[in-house]
Amino acid sequence: MRCTCRVPPVIRTGGAAGAAEGALMGGMYSVEKMAGVFSYQSSDIDWCEDNYQHSENVVEFFNTVSSFFFFIVSPIMLYLLHPYAKERNLAVHMVWVMMIFVGLFSAYFHMTLSFVGQMLDELSILWVIAVGYSLWFPRKLFPSFIKDRSTFSKLVLIMTVITSLVSFVKPTANAYALNCFGLHFLYTLTIEMRCCTDQRALRLAKLSVGLWVLAISCWISDRFGCSFWQKMNFCYLHSLWHIFIVIAVAYGSTLIAYLDANNEIPYSLPGLQYWPCDQWPVGLPHIVLKGTTKTRKRC
């Protein structure tokens, strides 16, 4: 017996209906693509620590937990630097407020390894550096076409916004921007320290550079020497990077703020001390103002 099969006709849509269907499919694709950048492990970066080792909801457990070190140091530095910020500019607090967000976004990134987490983590660091540039870059080193700090801050803002937008198109651009900013900051600090004779400031500079080198070494070793550290059964160098870099920023930013205070508010007679005890060999540095606005000379 012969069997015949009937193929159902293909319905072709045209005109407005076809356009609507195309728009719907495009919209669904866009939504899926948008959701994808938030999904776990959508980032191209995967650090050396084993994934999901201690929790099924946290990709890198120790890298996530160590990010909360930002939440410990940042409020303390906000408190310690308040006398200086009150005399110089309350915008100084923006540095350590944003450092709290760096810790928050770092924890989110390492918990999910998502593309959005990576962008938030890297861009928050970029904006902290940009705020530091705007506040503390020495006036005497301004380009010749810039006459005041307000204009310089606007220029830094424009460059940071452009870099942030480019980062979403080409994420590697952010890494180059961070390195350029960081190296230039280090170069500027070297120039400033050449004429410094304050032994406390010189000691703080050495400690800042040493901590920065230690932090960077942990970052590089974890990123590019993972196979070696896996053999050593020690895959937590990126966690140590989080701890060392927060302390390095505390030391480095206090040193820069101290140099700034000597240039911008010399009447306040700034000095350096350490918390919780100035006699301890280690601690968090901060600025003490021995003078007040009353000692400022008026014309």
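## Close-up views of a predicted model

View 1. The volume is the space filled by probe spheres set on the points, which are joined across faces, edges and corners. This is a predicted model, in which local features need pLDDT of at least 70 and side-chain atom pairs count only at pLDDT 80 or more, while totals for chains, interfaces and linings use all residues. Residues are numbered from 1 along each chain as its sequence is written, and side-chain values use heavy atoms, with hydrogens and water left out. Lining residues, which have an atom within 4 Å of a point, include Y133, F137, F152, M159, F181 and H184 for this pocket. Helix 7 (149-169) and helix 8 each supply at least two of the lining residues, helices being DSSP runs of H or I with at least four residues and strands being runs of E with at least two, numbered from the N terminus. By class, the lining has 11 nonpolar, 1 polar and no charged residues; Ala, Val, Leu, Ile, Met, Phe, Trp, Tyr, Cys and Pro count as nonpolar, Asp, Glu, Lys and Arg as charged, and the others, Gly among them, as polar.

**View 2. The largest pocket.** The largest pocket has a volume of about 1500 Å³, and of the 48 residues that line it, I125, I129, L178, I216 and W241 are the closest to its centre. Two or more lining residues come from each of helix 5 (93-112), helix 6, helix 8 (172-193), helix 9 (199-224) and helix 11 (237-264). The lining divides into 30 nonpolar, 14 polar and 4 charged residues.

View 3. Q118 is found in helix 6 (residues 115-136) and has a relative accessible area of 7%, so it counts as buried (under 20%, whereas exposed is over 50% and partly exposed lies in between, with a 1.4 Å probe and protein chains only). The side chain of Q118 makes a polar contact with the side chain of S43 at 2.6 Å, a polar contact being a pair of N or O atoms within 3.5 Å, of which, within protein, one must be able to donate a hydrogen and the other to accept it, and residues adjacent in sequence count only if both atoms are side-chain atoms. Not counting residues up to four places away in sequence, Q118 touches S43, D44, I45, F109 and P171, where contact means heavy atoms within 4.5 Å.

**View 4. T160 in helix 7.** T160 has its place in helix 7 and, at 0% relative accessibility, counts as buried. Leaving aside neighbours within four places in sequence, T160 is in contact with L126, W127 and A130.

View 5. The peptide bond from W275 to P276 is cis, with omega near 10°, and P276 lies in the loop between strand 1 (270-275) and strand 2 (284-289). Q41, although not a glycine, has a positive phi of about 60°; Q41 lies in the loop between helix 1 (15-38) and helix 2 (61-66) and is partly exposed, with a relative accessible area of 38%. N233 is likewise not a glycine and has a positive phi of about 60°, and N233, in the loop between helix 10 (226-231) and helix 11, counts as exposed at 65% relative accessibility.

Definitions and conventions: On a 1 Å grid over the protein atoms alone, a cavity is a set of points where a 1.4 Å probe fits but cannot get out, and a pocket is an open set with protein on both sides within 12 Å along at least five of seven lines; lining residues have an atom within 4 Å of a point.
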